[in-house]
Amino acid sequence: MQEKNKAQKNDQNHGDCDNEAVLNEVVRNTEMGKNTLGQLIGITDDRVFKASLLNQQREFRKLNQNAHTALAACGTHGHGQSKMAKMATSMGIHAKTMKDSSTRALADMVIQGANQGVLDCEKARKDHPHASTGAMQLLDELQQFEEHAAVEMREYL
């Protein structure tokens, strides 16, 4: 009986680790999205495109907050992007937009980021199969949003 309880506790702890890992992936992914979009919003002069980016940024913020709330309910906090990752992303965007800051080029950057976000969601799903239904639903919501964002941005190519 004692061994059964110990095995059950280990499974539960593994699920807790998976929940935290999946939710942290949502935090990292949404931080990258909202920060990148914030930088692109400041670059573009295209009002319609800017409105689309602002809508996407709002959705990233909502998903980010939901992930932080779920992590808090688990008794932990989110580990977002490192300062080094933020700086590297910002410098990469700056370098790319120095060459071409057209709406088309910016949309292409958003599509590439959204596609990477979808891949990261898939990896998190496969790497953490014991995550709770709630954590996986949030990951699914993020992935569907990223897929939709990529499709939406194709209109600007």
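Mentor: Start with a definition: a disulfide is a pair of cysteine sulfur atoms within 2.5 Å.

Now the ground rules. This is a predicted model, where local features need pLDDT of at least 70, side-chain atom pairs count only at pLDDT 80 or more, and totals for chains, interfaces and linings use all residues. Residues are numbered from 1 along each chain as its sequence is written, and side-chain values use heavy atoms, with hydrogens and water left out.

The pLDDT is the predictor's confidence in each residue, from 0 to 100. The protein chain averages 91, and 90% of the residues score at least 70. Over residues 1-14, though, the pLDDT is below 50, and this stretch has 1 contact in the model beyond near neighbours in sequence. Contact here means heavy atoms within 4.5 Å. Where pLDDT is low, the predicted coordinates should not be read in detail.

Next, the core. Buried means under 20% relative accessible area, exposed over 50%, and partly exposed in between, with a 1.4 Å probe and protein chains only. A nonpolar core is a set of buried Ala, Val, Leu, Ile, Met, Phe, Trp, Tyr and Cys residues joined through side-chain atoms within 4.5 Å. The largest one has 32 residues, and Leu40, Phe49, Leu53, Leu139 and Met153 have the most contacts inside it. Helices H1, H2, H4 (103-127) and H5 each give it two or more residues. A helix is a DSSP run of H or I, at least four residues, numbered from the N terminus.

Look at Leu40. Not counting residues up to four places away in sequence, Leu40 touches Leu53, Ile93, Leu106, Met109 and Val110. Thr36 is in helix H1 (residues 2-41). Thr36 is buried, at 18% relative accessible area. Leaving aside neighbours within four places, Thr36 is in contact with Thr89 and Ile93.

Now the rings. Rings of Phe, Tyr and Trp (its six-membered ring) pair if their centres lie within 6.5 Å; planes under 30 degrees apart count as stacked, over 60 as edge-to-face and the rest as tilted. The count comes to 2 aromatic pairs. Phe49 and Tyr156 are edge-to-face, 4.9 Å centre to centre, with 70 degrees between the planes. Phe49 lies in helix H2 (residues 47-73) and Tyr156 in the segment after helix H5 (133-153), so this pair ties together parts 107 residues apart in sequence. Phe49 is buried, at 0% relative accessible area. Tyr156 is buried too, at 18%. Phe60 and Phe145 are also edge-to-face, 4.9 Å centre to centre, with 90 degrees between the planes. Phe60 in H2 and Phe145 in H5 are 85 residues apart, and their pair links distant parts of the chain. Both are buried.

H5 has other buried residues, among them Leu138, Leu139, Leu142 and Met153. An expected helix span is 1.5 Å times one less than its number of residues. The 21 residues of H5 should span 30 Å, and its end C-alpha atoms are 30 Å apart, which agrees.

Finally, the cysteines. The whole structure holds 0 disulfides. Cys17 is in none; its nearest cysteine sulfur, that of Cys74, is 11 Å away. Cys121 is buried, at 0% relative accessible area. Its sulfur lies 18 Å from the closest cysteine sulfur, in Cys74, too far for a bond.
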